[in-house]
Amino acid sequence: MNHKCFLLLGNSGGAVNNWLSAREYVARINQDAPLQQAGSSFLHTNHSFRVKSNMEEKKPSTADILAKIRAQKAAAAAAQAETPAITAEIPPAEPVAAPAVTSPTVTAPVAATKPVDAGPKPSSTKDIMAAIRAGGVKPAGVAASAPVATSAPVAPAPIVPAAAVPKAPVAAVATGPKLSPQEMLQKMREAKVAAGSAAPPVAAVAKVVVPVAAPPMPAKPVAAGKGAKPTTTQRGLAGLTTVATLSGLFLLLGYLTDSSLLYGLGLLAWAALLTPFAAAWTAIAGIGGIWTLGTARFMFPNVLVEPPSKFKVGPLSDYPLNTVSNKWKDQFGIWIVHTDQYEGRNMIFALASVCTHLGCTPNWLDGEQKFKCPCHGSGFYMTGINFEGPAPRPLERMGLRIAGDGMLEVNKSVKYQEEMGQWADATSYVEVV
Amino acid sequence: MIHLTHNPDLTSSVIYGLGWVYLLMFLMNAVWVKRSYAIDGNCQLSLGGILGKGQQIPYATFWAVYAGILLMVAITHLTGWKNPQQFSLLMPEILKEPINRASNPVAFFVGSTVIYVLMIVLRRWWTTPTAGWILLNLSLLFLALSVTDYDFRQIVGKPDNVPIVAMLYIVGFFTWLYFKKSVDNDDRRAAGRPLFEQENSEKVLTWPDLVYTELVCMVLVTAVLIAWGIVLQAPLEEPASAAKTPNPSKAPWYFLGLQEMLVYFDPWMAGVVLPSVILVGLMAVPYIDFNKMGNGYYTFNERKFAVSTFLFGFLPLWVAMIVLGTFLRGPNWNFFSPYEFWDVHKLELLNNINLSELFWIKGLGQPLPAVPAGASFAQQAPIILMREWLGLAAVVFYLVALPNIMAATVFKPYFVRMGFLRYMVLANLMLMMMSLPIKMVLRWAVNLKYIVAIPEWFFNI
């Protein structure tokens, strides 16, 4: 039996508080639904948890509990001789100190009514975690309830449980095989012997620490210095600005008053800028500024190697009716189409040689009188209207007009989409009369 | 005379090379004869009474006869290669014609789906060693005979297509291996015997067993890659030009399934949405797979749904699409049968129409609701939505209502088992996958282009 637990009971009345009888008390309360792995881990948290959960199942009345307490007292008196009497003061700094309990009749119902918070008997990891949390939040009052039961009649003073609440054994309790009450009692007796021999030396320690040999649950990491803010010197841009402003002020005043002293002060202030931190800030600001300027400059190249968006493609007479000209495809990516098939009007327009499906360059097949894309088989009539394959919309027109010298001029900077109704725009074609 | 022949079906080098292929096949089958003699046993042969009451003949006899024919064919090739004009061991026209006539996208897709179904239904039969060997021999014979055809050779023999042929054999072999092992394990389960993997769970050491194997594989792969790099030259083409797209323009072979998909969908769907769904769907498999069986061993019966679904997506919808895109798609992305000349001017009628046109023009006999010129978005939207209401309704039904209907009917056990969220993920992934064959069938059957076609908003489904 590795687990030893100690109750430090404030005991002004001199009554002996018997932690072993407290165990028995728990065990008896648990008789209906025996503790799993009883005896192996009698620790406050899970004790209290078990008590709570079992109480919840059965909901014993105050009278029941008092009856049990009385039975316990008799047993405690019998066992008194072999149990270590543990007395201690209430550690003033103990954060988990139980709320002051003034009378037993109050204490017991508290224990009885607590289970509502505790939830059902732990069966899954989730339940266990919930139990741990519940135990962690207010372990003291609940944990104290068991000892209170034994010491109640003579213990008006506040009762302090044994300290740091061990969490680990909960899992062990919950996952082990169920034991019958007889087995539990047996184990408890074994535990009593083992714990009794090991108890006194530890009990003497005022600052109560419960040694737990069970595999501990991974504790929640607690931030060590939480709340205490690290005191770092803050020398950021504010400091830099201050120094720069100051030095600028000194230099300006020095210039105005022609005072070498002020000049010197200004230069000194600049020297202060050369602390490593200030130098780093200056460097980063300088480099960032240079990069920003460089990027901005990149947007305005010296030479644009793309073809001009406006260009002349020759006179109207170059393009006979119902023909597609491949002449400008390689250079500018357009076809010049002269047709009377679109709305029955005789017109010339420029089509972009980009498939509206996925952007390949279609070919004009003169034999079939259609544009055909080699990538996915989209097909377009001479007018640019899509009719086969996956292309969802017609080819796009480019701006076209007759320039002042009578030549056709294409403007590639604008495009006209049929599905948007933009082909009706007069700048998208040239009407031939 | 050779230089006058327009498309010489046969050249000396082809015949000579085929001679070695047949010789190799002869050697393979000679080994098989030995194996068959040792294992297969005898059969009763009566030859319709010629042999009287019949005679016990080892099965190996047939293999020996076949191997002998192969040897003679090989000798014919290796001795007669100098005179290709007189060489008559060609793919017979009587076979080419029906294959050419039956070849179209519909037949291809239906055929690959039928093969997929047969593969599962007949898994017990075709995974026997003899059946596998017969299939291998048939495919090799088909390939060797087809190579005598000029057009077939131009496509299949292209240096960047050769590895795809090899890949097909690898896919076939591993599929065969999977079905063989799972049939074996399913039999063991049925008979109450331990699984193969349990019975033969002999463990070997990483060093030296595994590391030596890896070393050997490394050396072999390196040797194959070097030989391949020397024998098959990289197919380099003219410098790229923005104004000129090669015709046909093909994606890398592993993306040809995607390219085929693009024929049926808007680029946004087939280029972005569906590939993402494929990737995310594969990542979601561990999440939606609640079947714990088949973990660490081969099985089909215990994972029928999972294996069939995956294989459908992989074999007919991915591998078969790669085959289609590689070998059967020619200039202008037209479909060409295996022995057909890749004619740039092949005329195919592909006048596609949208569902809205089908509904308004063909169905109701009235023009599409037209958006007035210069209308604002608020004026456009109701007209466009009314124009496309049928397609939108169909899509909403397909993606929203259908999963629920399936949950209430055919997929009820899955729904109950998986819960709402996981089931919806599964159902939508499946429906997304099935949208490809559905769209393909609709394209072929009624020339449907888009179910929802709103080019005004760049939204097409």
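Trainee: Which residue of β11(A) stands opposite A:Met347?

Mentor: This is a predicted model, where local features need pLDDT of at least 70, side-chain atom pairs count only at pLDDT 80 or more, and totals for chains, interfaces and linings use all residues. Residues are numbered from 1 along each chain as its sequence is written, while chains are lettered from A and ligands numbered from 1 in the order in which they are written. Strand β11 of chain A covers residues 430-431 and pairs with β4(A) in the antiparallel sense over two bridges; strands (E, at least two residues) are DSSP runs numbered from the N terminus, and a pair needs at least two DSSP bridges. Opposite A:Met347 stands A:Glu431.

Trainee: How many bridges join β3(A) to β4(A)?

Mentor: Strand β3 of chain A spans residues 334-339 and runs antiparallel to β4(A). In β4(A), A:Leu351 stands opposite A:Trp335. The bridges joining β3(A) to β4(A) number six.

Trainee: And which residue of β9(A) stands opposite A:Ala350?

Mentor: Strand β9 of chain A takes in residues 397-402. Two bridges join β9(A) to β4(A), and the two run antiparallel. The residue opposite A:Ala350 is A:Met398.

Trainee: How many residues of β4(A) are buried?

Mentor: Buried means 20 or more other C-beta atoms within 10 Å of a residue's own; exposed means 12 or fewer, partly exposed is in between, and C-beta atoms are placed from the backbone. Strand β4 of chain A, residues 347-352, is mostly covered. Of its six residues, the buried ones number five.

Trainee: How many residues of chain B are in contact with chain A?

Mentor: On the chain A side, 28 residues take part. The chain B side divides into 16 nonpolar (Ala, Val, Leu, Ile, Met, Phe, Trp, Tyr, Cys, Pro), four charged (Asp, Glu, Lys, Arg) and eleven polar (the others, Gly among them). The chain B residues in contact number 31.

Trainee: Where is B:Pro208, with its cis bond?

Mentor: Most peptide bonds are trans. The bond joining B:Trp207 and B:Pro208 is cis, with omega about 10 degrees. B:Pro208 sits in residues 206-231 of chain B, helix α10.

Trainee: Is A:Glu343, with its positive phi, buried or exposed?

Mentor: Phi of A:Glu343 is near 60 degrees. A:Glu343 lies in the loop between β3 and β4 of chain A. Because A:Glu343 has 9 C-beta neighbours inside 10 Å, it counts as exposed.

Note on methods:
Two residues are in contact if their C-beta atoms, placed from the backbone, lie within 7 Å. Helices (H or I, at least four residues) and strands (E, at least two) are DSSP runs, numbered from the N terminus.
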